[in-house]
Amino acid sequence: MFKKIDLAVLVVAFITGCQHLPNLEEGISTSGKTPVSISHIKIESMNDIISLNATSVYQNKNQVKSNINGFIKKTFFNSGDFVQAGAPLFSVVTKESSALEKFNAKDSMLAFNGNITIYAPSTGILSENIKQPNDFINEGDELASISVINSFVFILNVPFEENKYAAIGAECNIVLADSTQIPGKITSRLSTLDPVSQTQRFVIKPTTAILLPENLNAIVQLKKSTRKQAQIINKACILTNETMEVFWVMKLINDTTAVKVYVKKGISIGDKVEILSPTFNPDDRIINSGNYGLPDTANVEIKQVNSNE
């Protein structure tokens with residue numbers, strides 16, 4: 001009899017204790033509604049762009065050459081160093097002076113310096129230092145190469161059918177691998193076409209002073225058109241099916257109910273997406289987080305209002 005009473009007391013105590021346990025699962029509302037955050041539609045201009053590959057290059061390079069036969073005695077710079085025009089690059093001892101060096105102390109008639117200094121012909125980056133100390137050089141040998149700073153450009157490869165967007169004088173945006181963006185302008189185009197890829201090369205000059213290495217890959221964004229009154233929404237608001245053919249958003253019709261609204265996408269740039277249809281009102285509330293997996297009609301709880309700028 002006492003065992004049955006004790007068992008009943010334990011069951012009642014367990015049930016009572018469970019009723020007071022906190023909800024330990026994060027992101028689950030105690031009201032049974034899905035917590036969401038919302039954004040609003042914005043009306044603003046948006047550029048339709050085309051992104052193409054480009055590579056950096058120094059168009060002008062000065063070759064530093066030897067004007068005597070002799071040996072490299074000293075180098076004043078290393079590859080990659082910035083040099084000013086007129087700065088000493090190499091100290092060279094002539095072949096004759098080197099041959100008579102051991103006799104100089106014995107016979108003053110044979111003593112002569114024979115040291116020649118070779119200077120930088122232009123300001124730029126020492127992109128290649130070919131000769132090193134103790135190397136023998138002949139007259140006319142190439143000693144180094146200097147990339148002229150103001151000749152730095154990007155070579156853009158444009159498919160022939162897209163040439164109309166790469167007009168001479170057109171402004172563009174250069175995006176580097178680290179997401180750095182540099183403004184640029186198309187200054188010229190080369191007259192030859194690649195026979196395999198059918199692309200034509202255009203020269204883009206950065207409009208800001210910047211020191212970058214040669215052979216740097218970049219993405220160049222060219223403007224195709226501008227939509228002045230576009231409906232813009234945060235990219236996180238857009239949902240799609242497995243084949244990415246159908247798109248929709250979850251729109252609130254009141255404070256606790258969201259419904260699925262199918263949309264037609266337009267331009268997409270970064271975290272902004274243009275909505276071509278339907279037409280939304282600026283005060284319409286669109287879910288931008290917590291929307292994944294919601295049914296066509298869902299009970300929700302607004303936790304945050306986000307800006308989609």
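Which residues have the most contacts inside the largest nonpolar core? They are Phe-154, Leu-156, Ile-174, Leu-176, Ile-204, Val-220 and Leu-222, in a core of 21 residues. A nonpolar core is a set of buried Ala, Val, Leu, Ile, Met, Phe, Trp, Tyr and Cys residues joined through side-chain atoms within 4.5 Å. Buried means under 20% relative accessible area with a 1.4 Å probe, counting protein chains only.

This is a predicted model, in which local features need pLDDT of at least 70, side-chain atom pairs count only at pLDDT 80 or more, and totals for chains, interfaces and linings use all residues. Residues are numbered from 1 along each chain as its sequence is written, and side-chain values use heavy atoms, leaving out hydrogens and water.

Of its 309 residues, 34% are buried.

A second, separate core of 14 residues includes Ile-72, Phe-90, Ile-118 and Ile-146.

Elsewhere, four strands form an open sheet in the order β7-β6-β4-β9, with antiparallel pairing. Pairing requires at least two DSSP bridges between two strands. β7 (115-119) and β9 (136-137) are at the edges with a single partner strand each, so one side of each lacks a neighbour in the sheet. β4 (residues 70-75) pairs with β9 over two bridges. Phe-71 has Phe-136 in β9 as its bridge partner.

How values were computed
Buried < 20%, exposed > 50% of the residue type's maximum accessible area, 1.4 Å probe, protein only.
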